[in-house]
Amino acid sequence: MKNFWGFYDNGIYRVGCNGATIYVYDNSDNELGRIKVKPSVYCGAFQPDTNIFVAKAVEGRLFVCDLSKMKIIKKIFITNRCPQDDGFDFSPDGKFFYNIERREHTTQTQLTVYRTSDYEAEKALFCDKTDIVLKEMEFDAQTGECYVLGFMRRIEDGVISNGFVGKFDGSEISEVKALEIAAFEDLQTYKEWQRFGFTNQKAKWSLDYRPKYANCPHFTLKQFYDGLQANC
């Protein structure tokens, strides 16, 4: 297989993301087709129990692709003001797509919720928060609970004060556990690598300078939150 930035497998299709092209394979690694997209598409995710793949472009767009038809069925414009390189996830039932976005300022994030029935935005959260910056989010496969990873900025000067992992209940972040900045950066690098599918290409650009979790088995934000990876 080519050395993709992002690589994903839903048991039927395997998808590789490499900038301006999404490569689609069957589960025997036979190429089925290619979908051309805007540049800077390096990661994405499968909608649960479907052949829909959502690709996220750094340049401010989402591409909703139907792999059974080998085409883009919807393009979502986010913004051309800020790069889009933060996390996303589907709800366990596949009905919603949660995307961390930067719309007005590179230092400020919001969490936008899209209905997967039509991929229209249903709501946007934390738009007015200047002290919370979200980086990754993850639904736990066993409990369905959602965990978020981010950091806090001091309101008076905008300097990062600490990282955190917390629970997201659909509207608010609660039960927050603070992280030292170095611990946050290590964890964020690992979870970003996971979001790209643990590819070698992504590892070359991220793990070389933050290698703490390079040889760890897969672990979830919930496990980290519960302290199960403290010695990894």
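1. Basis of the note. The model is predicted, so local features are described where pLDDT is at least 70 and side-chain atom pairs where it is 80 or more, while totals for chains, interfaces and linings use all residues. Residues are numbered from 1 along each chain as its sequence is written, and side-chain values use heavy atoms, with hydrogens and water left out.

2. Overall build. The protein has three helices and 15 strands, these being DSSP runs (helices H or I of at least four residues, strands E of at least two) numbered from the N terminus. Its radius of gyration is 17 Å, close to the 17 Å that the globule rule gives for 232 residues, so the protein is as compact as a globular protein of that length; the radius is taken over C-alpha atoms, and the rule is 2.2 Å times the number of residues to the power 0.38. Along the principal axes the C-alpha trace spans about 50 × 40 × 30 Å.

3. Of the 232 residues, 50% count as buried, where buried means under 20% relative accessible area, exposed over 50% and partly exposed in between, with a 1.4 Å probe and protein chains only. Among contacts (heavy atoms within 4.5 Å) with a separation of 6 or more, 38% join residues 24 or more positions apart.

4. An open sheet. Four strands are arranged in the order S8-S9-S10-S11 with antiparallel pairing, two strands being paired if DSSP finds at least two bridges between them. Strand S8 (88-90) and strand S11 (121-125) are at the edges with a single partner strand each, so one side of each is left without a neighbour in the sheet. Neighbouring strands are turned by 15 degrees against each other on average, direction ignored, with axes fitted to C-alpha atoms, for helices over the stretch in contact, and angles running from 0 to 180 degrees between N-to-C directions. S8 pairs with strand S9 (residues 96-101) over three bridges, and Asp89 stands opposite Tyr98 in S9.

5. Nonpolar cores. A core here is a set of buried Ala, Val, Leu, Ile, Met, Phe, Trp, Tyr and Cys residues joined through side-chain atoms within 4.5 Å. The largest has 31 residues, and those with the most contacts inside it are Ile22, Val41, Phe53, Leu67, Phe97 and Tyr119. Strand S4 (31-46) is one of the elements that give two or more residues to this core, and S4 provides the largest share, six residues. Apart from this core lies another, of 18 residues, including Leu179, Phe184, Phe219 and Phe224.

6. Gln84. This residue is in the loop between strand S7 (71-77) and S8, and Gln84 counts as buried because its relative accessibility is 2%. A polar atom of the Gln84 side chain lies 3.0 Å from the backbone oxygen of Cys82, and a polar atom of that side chain lies 2.6 Å from the backbone oxygen of Arg102. Leaving out residues up to four places away in sequence, Gln84 touches residues including Lys56, Gly60, Ile78 and Ile100.

7. Tyr8. Tyr8 is located in strand S1 (residues 6-9) and, at 10% relative accessibility, counts as buried. The backbone nitrogen of Gly44 lies 3.1 Å from a polar atom of the Tyr8 side chain. Beyond residues up to four places away in sequence, Tyr8 touches, among others, Tyr42, Phe53, Arg195 and Phe196.

Notes
Polar contact = N/O pair within 3.5 Å; in protein donor to acceptor, adjacent residues only side chain to side chain.
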